[in-house]
Amino acid sequence: MSTAAEAEIAIKQPEQVGRGVVKRKPVFVKVGDLKPGTNGHTLAVKVLSATTVLDKKSRYTSSYTSRPGAAHTRISECLIGDETGTVLFTARNDQVDLMKPETTVIIRNAKIDMFKGSMRLAVDKWGRIEVTEPASFTVKEDNNLSLIEYELVNVEE
């Protein structure tokens, strides 16, 4: 086989990494494109504000707790956004330290949770949050997707 044909095959087939898992490039979505019940989102956003909702120390603070970090539960609601809109993000435990106002973060594998009929963005154990260099965009604050209230409707067929 010629080198040109090998190069063409290499372009068409992504490189196998690890145990046969094909890693694909992340597709960044905008906040304005988020819909209820979706997941797997990758976003680059600015943190506008962070409000602590729960800061609870467990009464079982022995060294024999069942999971690491079980002695302290922290939840914070953060208003995040990009040039298309804003949404509330629920940060838990170690994520709270990363979500400081005026920082720019990349959120990977995020999902939309519904809370009292409105959308909240969250990252579970399969997702990731990375602090990155400050972004150049200005946040569109008048399009808050978490203020839109959704109602579950049963459709009869």
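The points below cover the nonpolar core, a surface patch and the salt bridges of this predicted model.

1. Core membership. The largest nonpolar core contains 21 residues. Those with the most contacts inside it are Leu34, Ile80, Phe89, Met99, Ile107 and Leu121.

2. Where the core residues come from. At least two residues each are supplied by strand 3 (39-57), strand 4 (72-82), strand 5 (85-92), strand 6 (104-115) and strand 7 (118-122). Strand 6 gives the largest share, four residues.

3. Surroundings of Ile80. Leaving aside residues up to four places away in sequence, Ile80 touches Val45, Lys46 and Val47, then Gly85, Thr86, Val87 and Phe89, and also Met99, Ile107 and Leu121. Among these, Phe89, Met99, Ile107 and Leu121 are also listed with Ile80 as residues with the most contacts inside the core.

4. Surface patch. Met114, Ile148 and Tyr150 make a nonpolar surface patch of about 250 Å². Tyr150 lies in the segment after strand 8 (128-132). Its relative accessibility is 34%, so Tyr150 counts as partly exposed; the cut-offs are under 20% for buried and over 50% for exposed.

5. Salt bridges, count. The model has six salt bridges.

6. Lys30 and Glu83. These two residues form a salt bridge in which the closest N and O atoms are 2.5 Å apart. Lys30 is partly exposed because its relative accessibility is 35%. Glu83 is likewise partly exposed, at 34%.

7. Lys111 and Asp113. The side chains of Lys111 and Asp113 meet in a salt bridge with an N to O distance of 3.8 Å. Lys111 has a relative accessibility of 28% and therefore counts as partly exposed. For Asp113 the value is 28%, which again means partly exposed.

8. Arg128 and Glu130. Arg128 forms a salt bridge with Glu130, and the closest N and O atoms are 3.4 Å apart. Arg128 counts as exposed because its relative accessible area is 52%, the cut-off for exposed being over 50%.

Note on methods: Residues are numbered from 1 along each chain as its sequence is written. This is a predicted model: local features need pLDDT of at least 70, side-chain atom pairs count only at pLDDT 80 or more; totals for chains, interfaces and linings use all residues. Side-chain values use heavy atoms; hydrogens and water are left out. A nonpolar core is a set of buried Ala, Val, Leu, Ile, Met, Phe, Trp, Tyr and Cys residues joined through side-chain atoms within 4.5 Å. Buried means under 20% relative accessible area, exposed over 50%, partly exposed in between (1.4 Å probe, protein chains only). Contact means heavy atoms within 4.5 Å. Patches are made of residues with over 30% relative accessible area and no salt bridge: like charges are joined within 9 Å, nonpolar side chains (Val, Leu, Ile, Met, Phe, Trp, Tyr) within 5 Å. Accessible areas come from the Shrake-Rupley method with a 1.4 Å probe; for residues, only the protein chains shown count as cover. A salt bridge is a side-chain nitrogen of Lys or Arg within 4 Å of a carboxyl oxygen of Asp or Glu.
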